[in-house]
Amino acid sequence: MIHNPMVEILGAKEIIVCAGAGGVGKTTTAAAIALEAARRGKRAAVLTIDPARRLASALGLKELTNDPTKVSPRKFTAAGLEVEGELWALMLDTKTTFDEVVMRYAPSRDQAERIIANRFYRNISSTLSGTQEYMAMEKLYELHADGQFDVIVIDTPPTRNALDFLDAPRRLTDFFESRVLRWFLFPYMKAGGGLMRMANVAATTFLRIVKRIVGADVLDDTAEFFANLEGMYDGFKERAGEVARLLKSDVTSFVIVTSPAADSVEEATFFATRLNESGLPFGALVVNRVHPRFGEDPIDPKPRQLHRLAEGGERARLLARLLENEEEFRKVVELEERNLDDLARRVPRHRWIRVPYLEIEAVDAAGLRAIGERLFGPAA
Amino acid sequence: MDEFLAPRILIVAGKGGVGKTTAAAALALIAARHGRKVCVAEVDRKGSLARLLGGRTHLTYEPAELTPGVWGVNIAPEEALAEYLEVQYKMKRISRVFTSTHFVDYVATAAPGLKDILVLGKVWYLEKNRAAGTRHDFDTIVLDAPAAGHMLQFLSAPMGLSDAVRVGPIRRQAEWLVEMLQDESRTRVHLVTLPEEMPVTETLETDAALRERIGISAGPVLANAVYQPLLSKSETKLFGELADDGSLDELCGEANEVGLRLEHDDLEALLGYARFRDARRSIQQKHLKALKRGVAQPVLELPFVFSAGLALPDVELLADVIEQQVAAL
């Protein structure tokens, strides 16, 4: 029997995290995995981070929201797929999820509302890097704890660097807790308490400059935000710890998604290393957008032969063009193989699934089905 | 070509993975070929720009000559801030505090868009030949902009900042940047895309937003990695007949004539690759059509480069193609 790592993962795991560089088909892969889970009778949810309108319409939904929406099985019956279980889809809303987190950890409703109304806070969810990743993990934790689904498939934000995603919770708590920040904001928060102000001349000089650059009200917002956040750090930290434990546990599996392009292979290699170092469970590697390979060995005609064919009759000229085309594609295929060889040193090939550049287009129900067949073998 | 290179700032923008950096490199080469002293800039990223232009190291904040006439820089917001403080406030030492901590993160969160403004500010400095400590006077600045979603945020940052900062030097400078971006004689954007569904959809949205929200002038769109037709009309017909009759092996005779032996497997390969290219090409043509229908400016088609890893000669070739197509506009 041919061993398929994806089938193994789907049989045993509750959380499947699809990670990799941007533009390699993570969202589509995640959706195809969730669809397959549903096809196998599970209650499956796909949580996407991308504002993937195209995915929504492929699933027959007007839009995806922060709450799970059930996908009508009719969409798939039309594409020739029997879905025995259920497929649900949702899209992360960073701001709403963050609001819920604040509500949960704030000592009082008043304080929560003050934080949520603060301008600095409002900017965090849209500007601060790492927030989206953190909230994605938070949402995932919530969905899992809720127990409504047998399996949750999530794609990760299109971060430039896979590192960002793994480090997000720690980076965000660092950001909130930085000593440097307090050192700077301390005199500001205690403005009027003359002694304190004088105690830290460097800090006030610093603040004066900042104020000149961004304006005083911006600084007020910042100080107010951090003052309100006081006392909530422990809650954040504890939750970050729980999320980390869940990701490391044996209910979770990471699927690395890549294309054979040099930069995404580089990122996938790096990510595989990081998973390993961080003790996170690696499940499979999906290589999307692989150019297909036809024939065993390159034909490798001599330039002299090609030249003579190109000078010949109609058939000879046709053959010359076909040979040139074969040669050109071989170059691409060989380059891809070379790129992937580097990855093979990190991830054993029996954990790989290759999804060739499909000649049809991927983002509709039939496309998801085609990808699913590549990932899990043909539908029974 | 003079018209094409008229604005001193060329911003190359598009979704991640569409070949933005390659396009930026090609535009930089073209400008250099026409006697411009060019600075090509990437933003806060250690990308492939240097390698594509034949340079050996990563780009730094200091311009370095990559190929004759083309210098490269990497603009990190932290360094741009340090330079800003140095020029504006003569603060060399304290600026290290700003760059060494979370500081830029805090301020950027407090005043979103500040990072982007710092980067655009550096472009402005380069345009005005005022970059601290350098004696470069660049004629053309090619900016490899951040990926599309972020790009609109990036280019609209100077406008957005006026909401957070109502007075002071930063406010004034944000206004200068808005002027720079909206002046079509100074700045032009080239969108880069792939002839595929999602990239084209996104390009159309970005194109509309650039005009409506930012008021920036847009030059020809660059459609990347377009498969060229493999066969002429008569060759296609002949190929179709042979394939339909299952008589492709007649080609083996032609091969024998020149001393080339083709096995059955080889014929399969020839057929497979030809059909793959044809299938991809017809998908691409459909999306190119939608792209051309959707944008007002011309669409330049860059050929798919069959290469074992892009390098300077490939970029030279793409530059040739762009020049030919621009000349024909």
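Biologist: Helices (H or I, at least four residues) and strands (E, at least two) are DSSP runs, numbered from the N terminus. How many helices and strands does chain A have?

Modeller: Chain A has 18 helices and eight strands. This is a predicted model, where local features need pLDDT of at least 70 and side-chain atom pairs count only at pLDDT 80 or more, while totals for chains, interfaces and linings use all residues. Residues are numbered from 1 along each chain as its sequence is written, with chains lettered from A and ligands numbered from 1 in the order in which they are written.

Biologist: Thanks! What share of chain A is buried?

Modeller: Of its 380 residues, 44% are buried. Buried means that 20 or more other C-beta atoms lie within 10 Å of a residue's own; exposed means 12 or fewer, and partly exposed is in between, with C-beta atoms placed from the backbone.

Biologist: In what order do the strands of chain A line up?

Modeller: The eight strands make an open sheet with mixed pairing, in the order 3-4-2-5-1-6-7-8. Two strands pair if DSSP finds at least two bridges between them.

Biologist: And which strands stand at the edges?

Modeller: Strand 3 (69-70) and strand 8 (352-356) of chain A do; each has a single partner strand, so one side of each is left without a neighbour in the sheet.

Biologist: Which strands does strand 2 of chain A pair with?

Modeller: Strand 2 runs parallel to strand 4 (residues 86-91) over six bridges, and Ala45(A) has Trp88(A) as its bridge partner there. Four bridges also join strand 2 to strand 5 (residues 151-155), again in parallel, with Val46(A) opposite Val153(A). Five of the six residues in strand 2 (residues 43-48) are buried.

Biologist: What about strand 1 of chain A?

Modeller: Strand 1 (residues 15-19) pairs with strand 5 in the parallel sense, over four bridges. One of its residues, Ile15(A), stands opposite Ile152(A).

Biologist: Switching to helices: which residues of helix 14 in chain A are buried?

Modeller: Phe236(A), Val243(A) and Leu247(A) are buried there. Down the helix axis they fall within an arc of 40 degrees, so they line one face of helix 14; the arc is that of the directions from the helix axis to the C-beta atoms. On the other side, exposed residues include Asp234(A), Glu238(A) and Arg245(A).

Biologist: Now chain B. How covered is strand 8 there?

Modeller: Mostly: four of the five residues in strand 8 (residues 299-303) of chain B are buried. That strand pairs in parallel with strand 7 (residues 221-226) of chain B over four bridges, where Val221(B) is partnered by Val299(B).

Biologist: Which residues touch the most other members of the largest nonpolar core?

Modeller: In that core of 179 residues, they are Ala34(A), Val153(A), Val12(B), Ala28(B) and Val142(B). Helix 1 (residues 20-33) of chain B gives the most to this core, ten residues. Apart from it lies another core of 19 residues, among them Leu318(A) and Phe239(B). A nonpolar core is a set of buried Ala, Val, Leu, Ile, Met, Phe, Trp, Tyr and Cys residues joined through C-beta atoms within 7 Å.

Biologist: What is Val12(B) in contact with?

Modeller: Leaving aside neighbours within four places in sequence, its contacts include Leu27(B), Val142(B), His190(B) and Val192(B). Contact means that the C-beta atoms of two residues, placed from the backbone, lie within 7 Å.
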